[in-house]
Amino acid sequence: MASDTVPFAQESRLLCAILSAQTAALRERIAGSMAFERLMRCADLLAGLAAQLPAGSEPAAAAARLGQALDELAFHDAQQQDWARQTADLVARALSLLAAEGDPQQTLSPGRLWGFYVSEDQRQLHAAVLAEQAAGREPERPGS
Amino acid sequence: MATVLVLDDSSTMVMSLARILKKAGYEVATATRGQEGLAQLNAGLKPTAIITDLNMPEMDGIMFIKAVRRIPACRFTPIIVLTTESGLGKSAEARAAGATGWLTKPTEPEQLISTLKQFAPA
């Protein structure tokens, strides 16, 4: 029984390390993504302002350029939010599988977690954590 | 005026895409679920092009593309996938299902419009 417990605990630590890193990356992205609605509101205000200015005037053109820049920022922000949301989805899915670990059909492994990813960013982070964990364990291996 | 159907389960993405496309001169129809998009097509919407996400609940982008290709009026409608996924396998799967183009998020508005114009001038 004890020999079964040790490998499972090691794998659990590995999974927690991967999920922790994924969540940290998610937080970082979310921190920069709350501006979406404000950007859209500012772009709308600028569009309203441009409509009040004489058509073809330099101020109207400047307001339109600013509005365009804000729309581009909002588009970039929306894509960052999308990435963050999808990462949150996979973490939630992985955690729910871990919560149901008593069922052999529901167990989670790093390899299965890899199958949940939807972007190269996620796969690269996973691989980096595996490499770090492998490097960290290396000195503890018997005979190494 | 050319109409683009935008499908993404992120309402933020849908709002932002619609805004970018309208400014580029397109009419825009939107959906946040594959079934919702299919319902619009089956109800007679004839978009000049479709932009769809890949990773969505219930009906993913691959299933959606296959379903679109089964609608006679949409057999040849350009379908551009806009997704966080950049794996070659997924891209090949989408193309086999009937996707016409592929863009990986994050992308720039200019890139999106440029790709769209290859298939559907505004």
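Mentor: From the N terminus on, the elements of chain B run β-α-β-α-β-α-β-α-β-α, which comes to five helices and five strands, where helices (H or I, at least four residues) and strands (E, at least two) are DSSP runs numbered from the N terminus. The radius of gyration of chain B is 13 Å, close to the 14 Å that the globule rule gives for 122 residues, so chain B is as compact as a globular protein of that length; the radius is taken over C-alpha atoms, and the rule is 2.2 Å times the number of residues to the power 0.38. This is a predicted model, in which local features need pLDDT of at least 70 and side-chain atom pairs count only at pLDDT 80 or more, while totals for chains, interfaces and linings use all residues. Residues are numbered from 1 along each chain as its sequence is written, and chains are lettered from A and ligands numbered from 1 in the order in which they are written.

Along its principal axes, the C-alpha trace of chain B spans about 35 × 30 × 25 Å. Buried residues make up 43% of the 122 residues in chain B; a residue is buried if 20 or more other C-beta atoms, placed from the backbone, lie within 10 Å of its own, exposed if 12 or fewer do, and partly exposed in between. Among contacts in chain B between residues at least 6 apart in sequence, 61% join residues at least 24 apart, a contact being two residues whose C-beta atoms, placed from the backbone, lie within 7 Å.

The strands form an open sheet of five with the order S2-S1-S3-S4-S5 (chain B) and parallel pairing, where two strands pair if DSSP finds at least two bridges between them. Strand S2 (27-31) and strand S5 (101-104) of chain B stand at the edges, each with a single partner strand, so one side of each is left without a neighbour in the sheet. From one strand to the next, the twist averages 20°. Helix H5 (residues 109-119) of chain B packs on this sheet and touches S1, S3, S4 and S5 of chain B, its direction making about 175° with that of S5(B); axes are lines fitted to C-alpha atoms, for helices over the stretch in contact, and angles run from 0 to 180 degrees between N-to-C directions.

On one flank, four bridges join S3(B) to strand S1 (residues 3-7) of chain B, and the two run parallel, with B:Leu5 standing opposite B:Ile50. S3(B) is also joined by three bridges to strand S4 (residues 79-83) of chain B, again running parallel, and the bridge partner of B:Thr52 in S4(B) is B:Val81. Between S3(B) and S4(B) the chain crosses through helix H3 (residues 61-69) of chain B, in a β-α-β crossover that is right-handed; that is, with the strands pointing away from the viewer, the path from the first strand over the helix to the second runs clockwise.

B:Gln111 is found in helix H5 of chain B and, with 12 C-beta neighbours inside 10 Å, counts as exposed. B:Ala24 lies in the loop between helix H1 (11-23) and S2 of chain B and is partly exposed, with 18 other C-beta atoms within 10 Å. Not counting residues up to four places away in sequence, B:Ala24 touches B:Ile113 and B:Ala122; the C-alpha atoms of B:Ala24 and B:Ala122 are separated by 7.1 Å, although the two residues are 98 apart along the chain.

Chain A, by comparison, has five helices and zero strands, and 22% of its 144 residues count as buried. The contact between the chains takes 17 residues from chain A and 14 residues from chain B, and helix H3 (residues 58-99) of chain A gives the most to the side of chain A that touches chain B, with 13 residues.
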